[in-house]
Amino acid sequence: MPHMSVSFTDVSTEGLESSPVADALAGLRANEARYFKNKYDHDFTVVPAAEAPQTLAWVEEILRTERELVIDSPALEMSISEVDGIFWVYVFYESGLGLNALWTREEAGKRAVGFKLSDGMEVPQELSAFKFARQKSKLAGTIRGSYFVIKGEHPLPEEA
């Protein structure tokens, strides 16, 4: 699987061109890359979502069983990594939605799903029940974010 390293100094829309908010989504993706570099000294890489079907299915199963959610927009790219005992999956959707699922391997560790909306996109109907907090980002403009804690057990995909 060829991984594309995401730069937060030279923001590119590569892989996200079909999104109506491609520039903002690229900024959101770059914002995540900066977070991982600064917090963990980890290079944030992405692959086309079609190249990680088991991991995408794992995320979709968590959304469905935990909150009865189905994301309507096509998934464009994913980032799959493990840092400091935490399995992280990011999914970037055509609509401009960025989703992250974090699963601490340690038994009582933090497990949650976060949603971030790119600047310029509407709140997707399927996420209308969530309250979104705003944060400013030099790379992504205004990011609206929300999350929920994962309560159930969800065996990690083989790709993990």
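**Note on the pocket, sheet and helix packing**

1. The largest pocket has 20 lining residues, and N100, L102, G114, K116 and Y147 are those nearest its centre. The model is a predicted one. The space in this pocket comes to about 440 Å³.

2. Where does the lining of the largest pocket come from? At least two residues each are supplied by α1 (22-40), β4 (86-93), β5 (97-104), β6 (111-117) and β8 (141-149). β6 gives the largest share, five residues. By residue class, the lining of the largest pocket holds 10 nonpolar, seven polar and three charged residues.

3. The sheet is open and has eight strands, in the order β1-β2-β3-β4-β5-β6-β8-β7, with antiparallel pairing. Its edges are β1 (4-5) and β7 (133-137), each of which pairs on one side only. For a reader checking the order, β8 sits between β6 and β7.

4. Strands β5 and β6 run antiparallel and are joined by seven bridges. Within this pairing, N100 has G114 in β6 as its bridge partner. N100 and G114 are also among the lining residues that lie nearest the centre of the largest pocket.

5. α1 touches β1, β2 (45-48), β3 (75-83), β4, β5, β6, β7 and β8, and its direction makes about 165° with that of β4. Helix α2, residues 53-67, touches β3, β4, β5, β6 and β8, and its direction makes about 90° with that of β4.

6. S137 has G141 in β8 as its bridge partner.

7. At the other end of the strand order, β1 and β2 are paired antiparallel over two bridges. M4 stands opposite V46 in β2. β2 and β3 are likewise paired antiparallel, over two bridges, and here V47 stands opposite M78 in β3.

8. How many aromatic pairs are there? With ring centres required to lie within 6.5 Å, the count comes to 17 aromatic pairs. One of them is Y35 with W88: the ring centres are 6.5 Å apart and the planes meet at 65°, so the pair is edge-to-face. The class follows because planes over 60 degrees apart count as edge-to-face. Y35 lies in helix α1 and W88 in strand β4, 53 residues apart, and the pair thus links distant parts of the chain.

Technical notes:
Residues are numbered from 1 along each chain as its sequence is written. This is a predicted model: local features need pLDDT of at least 70, side-chain atom pairs count only at pLDDT 80 or more; totals for chains, interfaces and linings use all residues. Side-chain values use heavy atoms; hydrogens and water are left out. On a 1 Å grid over the protein atoms alone, a cavity is a set of points where a 1.4 Å probe fits but cannot get out, and a pocket is an open set with protein on both sides within 12 Å along at least five of seven lines; lining residues have an atom within 4 Å of a point. Grid points are joined across faces, edges and corners, and a volume is the space filled by probe spheres set on the points. Helices (H or I, at least four residues) and strands (E, at least two) are DSSP runs, numbered from the N terminus. Ala, Val, Leu, Ile, Met, Phe, Trp, Tyr, Cys and Pro count as nonpolar, Asp, Glu, Lys and Arg as charged, and the others, Gly among them, as polar. Two strands pair if DSSP finds at least two bridges between them. Contact means heavy atoms within 4.5 Å. Axes are lines fitted to C-alpha atoms, for helices over the stretch in contact, and angles run from 0 to 180 degrees between N-to-C directions. Rings of Phe, Tyr and Trp (its six-membered ring) pair if their centres lie within 6.5 Å; planes under 30 degrees apart count as stacked, over 60 as edge-to-face and the rest as tilted.
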